[in-house]
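Here are my notes on the pockets and ring contacts in this one. Have the model open while you read.

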Amino acid sequence: MGDQVELPSASVTVTSSPHMATAASALLDSSYPFYLHPSDSPGMLFVNSPFDGRGYGGWRRGMLIALSAKNKVGLIDGTFLQPKISSDEFKSWTRCNDMVISWLLNTLSKAIAESVLYTKSAKEIWDELEERFGQSSGLQIYHLQKEMSESTQGNWDIAGYYTKLKRLWDELDSLDICQHCTCGCSCGGKLKNNKSQQDNRPIQFLMGLNDTYAAARSNLLMLSPLLH
């Protein structure tokens with residue numbers, strides 16, 4: 001056998017820039033604005049039924065709650081604007097922006113989704129929906145008032161009928177600018193107006209009950225605290 005020759009072992013050093021290390025650690029931090037959980041997917045649904053142009057207030061509320069839980073409201077309210085292409089955060093922002101766009105499109109009807117399909121950012125989609133459907137217009141209030149006036153118990157049980165009216169009342173309140181007015185009122189007119197609206201709602205509920213509750217309805221209407 002010939003002499004054995006021992007070769008010196010080669011050492012390989014892998015270096016990473018501070019920017020790469022910072023970006024990698026940030027992607028694992030759940031408080032990081034552009035963090036995406038492994039369970040997040042473009043096909044996720046945040047509301048029970050797609051928004052078709054009606055009930056914008058309820059749809060908006062549901063989406064804000066869901067996006068807040070995901071720490072992604074900043075992508076629709078302008079807090080997390082698109083960074084420069086040269087920025088280390090650009091790719092992370094793009095991934096999150098595309099994810100939020102997918103979540104928004106999933107909650108819209110086909111016609112509305114197609115109208116915003118080519119919008120480049122989640123904020124632009126949100127702003128367009130706000131402009132089209134979020135205005136406190138007389139037409140929206142008219143439709144809500146009309147639906148409430150036509151609401152009856154029908155085949156609903158008491159809880160289901162009340163839930164239906166409660167949704168309409170809450171949506172109307174979200175559109176009524178007088179409910180949220182912060183001006184100084186010394187005459188108490190605003191409080192009286194709000195109280196009048198609240199007093200009318202039990203009566204509205206009782207009016208829509210089926211005739212089987214006629215006796216109970218009459219007894220309740222005789223109670224003075226119902227109106228004062």
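1. Starting with the second largest pocket: helix 9 is its top contributor, giving 4 residues to the lining. Helices here are DSSP runs (H or I, at least four residues), numbered from the N terminus. A pocket is an open set of points on a 1 Å grid over the protein atoms alone, where a 1.4 Å probe fits, with protein on both sides within 12 Å along at least five of seven lines; lining residues have an atom within 4 Å of a point.

2. Some ground rules. This is a predicted model, with local features needing pLDDT of at least 70 and side-chain atom pairs pLDDT 80 or more, while totals for chains, interfaces and linings use all residues. Numbering runs from 1 along each chain as its sequence is written, and side-chain values use heavy atoms, leaving out hydrogens and water.

3. Back to that second pocket: 11 residues line it, and Gln 145, Met 148, Leu 172, Gln 197 and Arg 201 sit nearest its centre. Helix 7, helix 8 and helix 9 (189-207) are the elements giving two or more residues to this lining. The space in it comes to about 170 Å³, a volume being what is filled by probe spheres set on the grid points, which are joined across faces, edges and corners.

4. Now the largest pocket, at about 1100 Å³. Its lining takes in 35 residues, with Arg 54, Gly 55, Tyr 56, Gly 58 and Glu 171 nearest the centre. Helix 8 (158-175) is one of the helices that supply at least two lining residues, along with helix 2 (56-69), helix 6 (122-133) and helix 7 (138-149). Helix 8 gives the most, with 8 residues.

5. Which rings are worth a look? There are 12 aromatic pairs, counted where ring centres of Phe, Tyr or Trp (its six-membered ring) lie within 6.5 Å. Tyr 162 and Phe 205 form an edge-to-face pair (planes over 60 degrees apart), because their centres are 6.0 Å apart and their planes at 80°. Tyr 162 is in helix 8 and Phe 205 in helix 9, so this pair ties together parts 43 residues apart in sequence.

6. Phe 205 is buried (under 20%), at 16%.

7. Lastly, ring pairs join Phe 51, Tyr 56, Trp 59, Trp 126 and Phe 133 into a cluster.

Technical notes: Phe/Tyr/Trp six-rings, centres within 6.5 Å; stacked < 30°, edge-to-face > 60°. Buried < 20%, exposed > 50% of the residue type's maximum accessible area, 1.4 Å probe, protein only.
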